[in-house]
Amino acid sequence: MARLNLLEETRFEKLPVSVYPDEHIASKTVAARIAALIKKKQEKSEFAVLGLATGATPIEVYEELVRLHKEEGLSFQNVITFNLDEYYPMQPDAKQSYVRFMDENLFSHIDIKRENIHIPDGTLAKEEIANYCIEYENKIGALGGLDLQILGIGRTGHIGFNEPGSAPNSGTRLVTLDDLTRRDASRDFGGKENVPTKAITMGIGTIFKAREIILMAWSRKKAPIIRKAVEGEMSGNVPATYLQLSDNVEFILDEDAASELTRFNTPWLVKDCVWDKQLIKKAVIWLSSEVQKPILKLTDEDYNNNGMAQLATDFGPAYNININVFNQLQHSITGWPGGKPKADDTQRPERKDPPQKRSLIFSPHPDDDVISMGGTFIRLVDQGHDVHVAYQTSGNTAVWDTDVLRYVEFAIDFNRSLGKNVEKLEATYEKMRRSLENKQPNDIDLQEIQDVKAFIRKSEAIAGARFAGLKDKNIHFMALPFYETGKRVKNPVTEKDVKLTMELLQQIKPHQVFAAGDFADPHGTHIVCFKIILEALTRLRETEEWTKDCWLWMYRGAWQEFEIHEIEMAVPLSPQEVQRKRKAIFQHQSQKDRPVFPGDDEREFWVRAEERNRETAEAFDKLGLANYEAMEAFVRWKF
């Protein structure tokens, strides 16, 4: 019976999928399978032939393999590896080369023989590539093929660098990279313009010949393409869909990457559900969108015709369900994000007491506060709350080099106008200018340049917070140590990051904490900053009584927005408040027009924020609620 139930749940899935709670558990599982294969081959005195991938996805797999080697004696003497791909052209010692990646993450830490390592050569002359690719294929064939191929997946659906349009029988070859692939790699190269346009990749046909294929994916960013690859029709537009033809493939996902698969996203379409309040809310909102009717107009027939007959039977009639969900949504809307004094708060998202709250807004970068919740920020101040803002990092990697020179030139002229000696400043300026002229993509800036970039972001943050009505004494700059590396890759979080956060919380003793909950930012800073806040609050809750009355609200906006069914507090904005929020964002001049790290959204941050806020308001309107100009949305973290 359990097997039948699983088949019913996964009936939309066209290949085997295993889902793990998080990427750490999943990565250890994959590493254990690789280790088991290596040991099995060792027992037979045979080589284990592995196809390896690069990128962020397999890093923890490699970390676990290194641990197994160092702590449990796993030997790689009988292992032969073939990597999927390499940028072209690419020098092996370049920071972005996959030769360097594999050395740093695996090969330099294990006992594999160097002659058993094969990675496509990015230094070849173009006329040599065709023969080289044939040789690469022949080497794999001479060993009897790959025993196991591990894969990641790009957001274009590419496996290896087999971009949309690749043939299912393609072999190793030189390919042109998709624009989205290059945008995703832009941070590694210091800008998309520095990303190579071509790469050498194993073909889909080569991958298919592996006796076992494991495709791994982590995070919600990968969820849309995973759904296409697993449940979509086979198409050259999504090369990973060709894996549906293989009998030897398995997708290994974390819960976030699997979140858009039918069995998780709309489970009522594949099985009988245990209906709780949140699932009912999600299902009714989905149904309203599916049949394009306001919630209060949904009928029993709509429920029955769209896979929700069980819900109507268990909790119906339909109108009872509709009015319940409608009321939940209506009660989430409030113009009083700090609570409405002397009002009945039983149906409001925030408490009425104390009437004046201490509100602490954590901003991972110096502009996330106004971009994501600028309207709510301004309203909290206007409504008399004691609002503080804490900028967790300097954001100094996200300033254009030209801005640095412009600001230092201004400083020289200003000091000269005051009759001050500017020789030292001019010497520093020349040093900085020479450094920037010789700077290569992703080089670490001089400390003086890092400092000026931080000063620029700091002055903009002060201007934005002041515009929102904040006093200078309520503006806090934390400069958390994990971030201050001067380079793309940040340091691990340490006790100092947590302690600094605890000290600020103890100083303010807030009734409300607002923290960035959009973890899709391309640099990963938001999730790191959120975990630091969570750890700090969790520790304080063990000893500090005030924390029992401290609520943690998550906001989004810079990179993504909450789904309507997730929203627990929706703060409507008038046209005038939208304008005020826009002007607060405009104080961040270094991020205006085109920021250094725009992600894959070409819109300016203020445009993103306004359009997302407007779309949230429109979604509430379509569900049958009041029609507002815009809305900022929040979800409360439950400890």
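**Close-up 1. P317 is found in the loop between α12 (309-315) and α13 (318-332).** Helices here are DSSP runs of H or I with at least four residues, strands are E runs of at least two, and both are numbered from the N terminus. This is a predicted model, where local features need pLDDT of at least 70 and side-chain atom pairs count only at pLDDT 80 or more, while totals for chains, interfaces and linings use all residues. Residues are numbered from 1 along each chain as its sequence is written, and side-chain values use heavy atoms, with hydrogens and water left out. P317 is joined to G316 by a cis peptide bond, with omega at about 10 degrees. Another cis bond runs from D353 to P354, and its omega is near -5 degrees. Look for P354 in the loop between α13 and β11 (358-363). Most peptide bonds are trans.

**Close-up 2. S219 and K509 have positive phi angles.** Most residues other than glycine have a negative phi. S219 isn't a glycine, yet its phi is near 85 degrees. You'll find S219 in the loop between β9 (213-217) and α8 (223-231). With a relative accessible area of 28%, S219 is partly exposed. The cut-offs go like this: buried is under 20% relative accessible area, exposed is over 50%, and partly exposed is in between, using a 1.4 Å probe and protein chains only. K509, also not a glycine, has a phi of about 50 degrees. Its loop sits between α18 (495-508) and β14 (512-516). K509 counts as partly exposed too, at 34% relative accessibility.

**Close-up 3. The largest cavity holds about 140 Å³ of space.** A cavity is a set of points, on a 1 Å grid over the protein atoms alone, where a 1.4 Å probe fits but cannot get out; its lining residues have an atom within 4 Å of a point. Grid points are joined across faces, edges and corners, and the volume is the space filled by probe spheres set on the points. Searching the whole structure turns up four cavities of 30 Å³ or more. Of the 15 residues lining the largest cavity, H365, A398, H523, W559 and Q591 lie nearest its centre. That lining splits into five nonpolar, six polar and four charged residues. For these classes, Ala, Val, Leu, Ile, Met, Phe, Trp, Tyr, Cys and Pro are nonpolar; Asp, Glu, Lys and Arg are charged; and the others, Gly among them, are polar.

**Close-up 4. D367, I371 and Q591 are among the residues lining the second largest cavity.** The space in this cavity comes to about 60 Å³. Its lining also includes I585, F586, H588, K592, E604, F605 and W606. Two helices, α20 (575-586) and α21 (605-622), are the elements that give two or more residues to the lining. By class, the lining has five nonpolar, two polar and three charged residues.

**Close-up 5. F410, F414 and L418 make a nonpolar surface patch of about 340 Å².** A patch like this takes residues with over 30% relative accessible area and no salt bridge, and joins nonpolar side chains (Val, Leu, Ile, Met, Phe, Trp, Tyr) within 5 Å. Areas come from the Shrake-Rupley method with a 1.4 Å probe. L418 sits in the loop between α15 (401-417) and α16 (423-437).

**Close-up 6. D382 and R580 form a salt bridge, with their closest N and O atoms 2.9 Å apart.** This pair links distant parts of the chain: D382 belongs to helix α14 (residues 368-382) and R580 to helix α20, 198 residues apart. A salt bridge puts a side-chain nitrogen of Lys or Arg within 4 Å of a carboxyl oxygen of Asp or Glu. By this rule the count is 44 salt bridges. R580 is partly exposed, at a relative accessible area of 32%.

**Close-up 7. In helix α18, K499 and E495 lie four residues apart, about one turn of the helix.** Their side chains meet in a salt bridge of 3.7 Å, N to O. K499 is partly exposed at 40% relative accessibility, and E495 is partly exposed at 38%.

Definitions and conventions:
On a 1 Å grid over the protein atoms alone, a cavity is a set of points where a 1.4 Å probe fits but cannot get out, and a pocket is an open set with protein on both sides within 12 Å along at least five of seven lines; lining residues have an atom within 4 Å of a point. Patches are made of residues with over 30% relative accessible area and no salt bridge: like charges are joined within 9 Å, nonpolar side chains (Val, Leu, Ile, Met, Phe, Trp, Tyr) within 5 Å.
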